[in-house]
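Hi everyone, thanks for making time.

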Amino acid sequence: MDSLHVAKQNQLQQIGLQKLVTTWLNSDSTPEMKSGAFSLLQKTGFLPKGMTESVFLESLMDGAEVRSGIPKNSAIDKLHQGLQLLSEAKGGAFAQVEEIEMAINRILNSHDHEKAKKLPNDIHSMQRKNISAEKLTPFAFHLLQDAFAEAIATKAVGGKIEVNDLIGYLNKDTEQVAESRVKAAEILFQSLNKPPEAQYARINEKLVLSHVLEADFQTIDFTNGPSVAHQLKEMTKILGLQLEHALINLPGDDMADFPNDLETLKPLLLKLLNEQIPAAIKEMAEQILNRITAQQILSQENGPIQNLLLTLPLNLGSTQTDLTLQWSGRKTKEGKIDPDYCRVLFYLELERLEETVIDMQFKTES
């Protein structure tokens, strides 16, 4: 329901920074998008301003030795072990780049830093040398990509937690991360209301902003009838307004035939009310349930006469409001909507205009 009732700016603040970090580390992102995401992360303050990607990766390697409290056998643990290994490589722990690559692959496959260093004797017999950071930073970026890919691919609830842990690994300053989330939301929210191409931003940054907004923060295009119709249908499904219809038309008694209908708001509220919950939450759940049920009761078909009442949560920019749609009409003998007897009422509470009603009546030309 977040996509319906959470104001866009709040939604952007919840996952906006994560989307920028993921775009930077996503193996499917183009080089332009990676550089654009890195630049935007610097603008949010999440990454140091004026620091190149290579220098930042080198700083991660240098700081790996002093880290502690890393969760074992996790994506962040493998990242940490790999960065420690690269730090040791800078100090001459390995003979050649190929040896480092083998060690990193062992870490990614076994979670074992010590085993990763136990390479064939003929390799260890080679003369040690300090390997430049320039040759090591690509390995560091590979470790970051692998860690984020594993965390995002985790389907369990812990997957999201692990991504946030990785974000915390990149920047240990929790206050700075919180400020960066707000700043990332501001940048994305500005782009949501004003297309990125109309803003002062680099071309690669515009690509990232457009990609993130298009993929995760699409808003209803009220100038496009089919788009609005599709969104209204999706909202009615999410609210659970079609639950009884689905039950009546269920083939047999197998509830597993329509799991999607059971994961909508109304059946979830009914389930919640059967549990032991605080009185305040129970009262709120009952109010929401009654509001949904009232819409179903008031929407009915009586012979050729049809009535429909639909109230949906709506976000207009940063404003959170409700849209109420009341439709009444009559069918022709052929079962189609009679345009001479069709009326639509829109109710909308706006910030300055306050209560706004739009009355639409259709009349065919004689």
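Predicted model: local features only at pLDDT ≥ 70, side-chain atom pairs only at ≥ 80, totals over all residues.

The protein chain has 17 helices and five strands. There are 366 residues, and buried ones make up 39% of them. As for the surface, the accessible area is about 21,400 Å², with 52% of that belonging to carbon and sulfur atoms. Now take the contacts in the chain with a separation of 6 or more: 55% of those are between residues 24 or more positions apart.

Okay, helices. How do we describe two helices that pack together? We use the angle between their axes and the distance between the axes. On the α5 side, the residues making the contact include L79, L83 and L86, and on the α9 side they include F139, L143 and L144.

You'll find L170 in helix α10, which covers residues 158-170. L170 and L144 are 26 residues apart along the chain, and their C-alpha atoms are separated by 9.5 Å. Is L170 buried or exposed? The cut-off for buried is under 20% relative accessible area, and L170 has 6%, so it counts as buried. Who is around it? Leaving aside neighbours within four places in sequence, L170 is in contact with V21, W24, F46, F56, L60, L144 and F148.

Next, the strands. β4, residues 337-350, and β5, residues 354-361, run antiparallel and are joined by eight bridges. To get from β4 to β5, the chain goes through a hairpin of three residues.

Last stop: S29, in the loop between α2 (8-25) and α3 (31-44). With a relative accessible area of 11%, S29 is buried too. What does the side chain of S29 have beside it? One of its polar atoms lies 2.8 Å from the backbone oxygen of T23. Setting aside neighbours within four places in sequence, S29 is in contact with T23 and K34.

Conventions
Residues numbered from 1 in each chain as written. Heavy atoms only, no water. Helix = DSSP H or I, 4+ residues; strand = E, 2+ residues; numbered from the N terminus. Buried < 20%, exposed > 50% of the residue type's maximum accessible area, 1.4 Å probe, protein only. Polar contact = N/O pair within 3.5 Å; in protein donor to acceptor, adjacent residues only side chain to side chain. Contact = heavy atoms within 4.5 Å. Areas by Shrake-Rupley, 256 points an atom, 1.4 Å probe, with all protein chains shown as cover. Pairing = 2+ DSSP bridges.
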